[in-house]
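Thanks for asking me to look this one over. My notes are below, as numbered points you can check against the model.

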Amino acid sequence: MQNGQLPQVDIASVPADALLLDVREDDEWAAGRAEGALHIPMSEFVGRVGELTERAGEGERVYVVCRVGGRSAQVTQYLRQQGVDAVNVDGGMLAWEAAGRPLTGDTDPAHVA
């Protein structure tokens, strides 16, 4: 990491089988999300980080996403300080949807709120 910048990847670089951590709030999650993503809202993250460490394999990269990339950058920074291989997904779920990546949600059709 140069100049204190967090590692970021664009949507096209996120593998289909990646461990995707979605840190948006519940209403955003319900509107549209990536299938199989782990949902821990940023507002609850520190208290629930164990859910991530239980799911992530040893040394597994965690792709962190929010709506546009701001909250996920903060969580990525926190995770890296804890020794987790975490990267911020540039553009967040808005870019995910724009790229045509699959979404699921509690409403039909699913879309990113």
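**Notes on salt bridges, cores and strands**

1. Let me begin with Asp106 and Arg33, whose side chains meet in a salt bridge at 3.1 Å, N to O. This pair joins distant parts of the chain, 73 residues apart: Asp106 sits in the segment after α4 (92–98), and Arg33 in the loop between α1 and β3 (38–39). By salt bridge I mean a side-chain nitrogen of Lys or Arg within 4 Å of a carboxyl oxygen of Asp or Glu. Helices (H or I, at least four residues) and strands (E, at least two) are DSSP runs, numbered from the N terminus. Asp106 is exposed, at 56% relative accessible area, whereas Arg33 is buried at 14%. Here buried is under 20% relative accessible area, exposed is over 50%, and partly exposed is in between (1.4 Å probe, protein chains only).

2. Two reminders on the basis of all this. The model is predicted, so local features need pLDDT of at least 70 and side-chain atom pairs count only at pLDDT 80 or more, while totals for chains, interfaces and linings use all residues. Residues are numbered from 1 along each chain as its sequence is written, and side-chain values use heavy atoms, with hydrogens and water left out.

3. How many salt bridges does a search of the whole structure find? There are seven. One of them joins Glu28 and Arg71, at 2.9 Å from N to O. Glu28 belongs to helix α1 (residues 26–31) and Arg71 to helix α3 (residues 70–81), so this pair ties together parts 43 residues apart in sequence. Glu28 is buried at 11% relative accessibility, and Arg71 is partly exposed at 24%.

4. Asp85 also forms a salt bridge, with Arg80, where the closest N and O atoms are 3.8 Å apart. Asp85 is partly exposed at 26%, and so is Arg80 at 29%. Elsewhere, a network of salt bridges links Glu44, Arg48 and Glu51.

5. Now the inside. The largest nonpolar core has 15 residues, and Leu21, Phe45, Leu52, Val62, Val64, Val75 and Leu79 have the most contacts inside it. Such a core is a set of buried Ala, Val, Leu, Ile, Met, Phe, Trp, Tyr and Cys residues joined through side-chain atoms within 4.5 Å. At least two of its residues come from each of β2 (19–22), α2 (45–55), β4 (62–65) and α3, and α2 gives the most, with three. Apart from this core lies another, of 14 residues, including Leu20, Trp29, Tyr63 and Met93.

6. Which residues of α3 are buried? They are Ser72, Val75, Thr76 and Leu79. Just after α3, Gly83 has a positive phi of about 85°.

7. Finally, β2. Leu19 and Leu21 point one way from this strand, Leu20 and Asp22 the other way, and all are buried. β2 pairs with β4 in the parallel sense over four bridges, and with β3, also in the parallel sense, over two; strands count as paired if DSSP finds at least two bridges between them. Asp22 stands opposite Val65 in β4 and opposite His39 in β3.
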